[in-house]
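Trainee: I have not worked with this protein before. Could you take me through its layout?

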Amino acid sequence: MSPGAPVAPVAPPVLALERATMRFGGVVALDDVSMELSEGRVTCLLGENGAGKSTVIAILSGVLRPSAGRVLLDGAPVALGSPRDARARGIATVYQNLALVPLMSVWRNFFLGQEPVTGRGPLRRLDARRCRSESRDALSTMGILMEDVNRPVGALSGGERQAIAIARALHFGARVLILDEPTAALGVRQAELVLQQVQHARERGAAVLLVTHNPAHALRAGDDFVVLRRGRLAARLAGATVEQLAGLMAGEG
């Protein structure tokens, strides 16, 4: 670069919390917490039960508004009025319950509430062929080869269900993907499948927030690490070890 050449501007984080505090009466659930989610990076939010992780999820997904502090989207303050408002702005949250219907097929769950139609007027009908094709292709893009998308979701493993929920969020335009303890109830193989989906989401340019209490899973998938303890920020790290993260969560750091 020649002397005096202009420096390219650094893009702001896609989504950020700035000095967020959340009070419920006399209880302070979150106290002056700041964190950033950047495009193409996985930020892991760690903490024991009661650390404030669920409160962060609720604020970023539009369920709660902070008592103090603010949410920034692309560097500008934003008031997220509801989960629907957050989704419309490209912020998708995948909760542990996944919002999937076990008795319905993979493709019906994939398009649940956003079904494409064909025909006009009284002849309008669900475009099932398109749903099957698009859901199969979207899953394939995420590394999930599922030829029979007519299978009921209830027949799939926990890891496969998580993969469907993640692929669905990205297919419908999520720029920010918030994952609430996606590996908490899974065995080793199924957890690995989910962590692979997290990597796929990163590769597609999403800003991912992986919320977990498992330091090993965080290190397997994460780029940046935020540790909460009793509602306060214990650490923000760009690199760590399992022992470091576990110690910080336990209050040893």
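Mentor: We shall discuss confidence, then the sheets, and then a helix contact.

Mentor: This is a predicted model, in which local features need pLDDT of at least 70 and side-chain atom pairs count only at pLDDT 80 or more, while totals for chains, interfaces and linings use all residues. Residues are numbered from 1 along each chain as its sequence is written, and side-chain values use heavy atoms, with hydrogens and water left out.

Trainee: What is the mean pLDDT of the protein?

Mentor: The mean is 88, and 95% of the residues reach 70 or more; pLDDT is the predictor's confidence in each residue, from 0 to 100.

Trainee: Which elements have the lowest and the highest mean pLDDT?

Mentor: Strand β7 (residues 117-118) has the lowest, 80, and strand β4 (residues 68-73) the highest, 96. Helices (H or I, at least four residues) and strands (E, at least two) are DSSP runs, numbered from the N terminus.

Trainee: On to the sheets. What is the order of the six strands in the open sheet?

Mentor: The order is β6-β9-β10-β3-β11-β12, with mixed pairing; two strands pair if DSSP finds at least two bridges between them. β6 (91-94) and β12 (232-237) are the edge strands, each with a single partner strand, so one side of each has no neighbour in the sheet.

Trainee: How do β9 and β10 pair?

Mentor: Strand β9 (residues 176-180) and strand β10 (residues 207-212) are parallel, over five bridges. Val 176 stands opposite Ala 207 in β10.

Trainee: And which way do β11 and β12 run?

Mentor: Strand β11 (residues 224-229) and β12 run antiparallel, joined by five bridges. Their hairpin has two residues between the strands, and Arg 230 takes a positive phi near 55° there.

Trainee: What about the open sheet of four strands?

Mentor: That sheet has the order β2-β1-β4-β5, with antiparallel pairing. Strand β1 (residues 15-24) pairs with β4 over five bridges, and Ala 16 has Leu 72 in β4 as its bridge partner.

Trainee: Now the helices. At what angle do α4 and α5 pack?

Mentor: Helix α4 (residues 128-141) and helix α5 (residues 158-171) pack at about 105°, with their axes 9 Å apart. Axes are lines fitted to C-alpha atoms, for helices over the stretch in contact, and angles run from 0 to 180 degrees between N-to-C directions. α4 and α5 are therefore roughly perpendicular, a term that covers 65 to 115 degrees.

Trainee: Which residues make the contact?

Mentor: Glu 134, Ala 138 and Leu 139 of α4 meet Ala 163, Ile 164, Ala 167 and His 171 of α5, where contact means heavy atoms within 4.5 Å.

Methods: Parallel < 35°, antiparallel > 145°, perpendicular 65-115°, else oblique.
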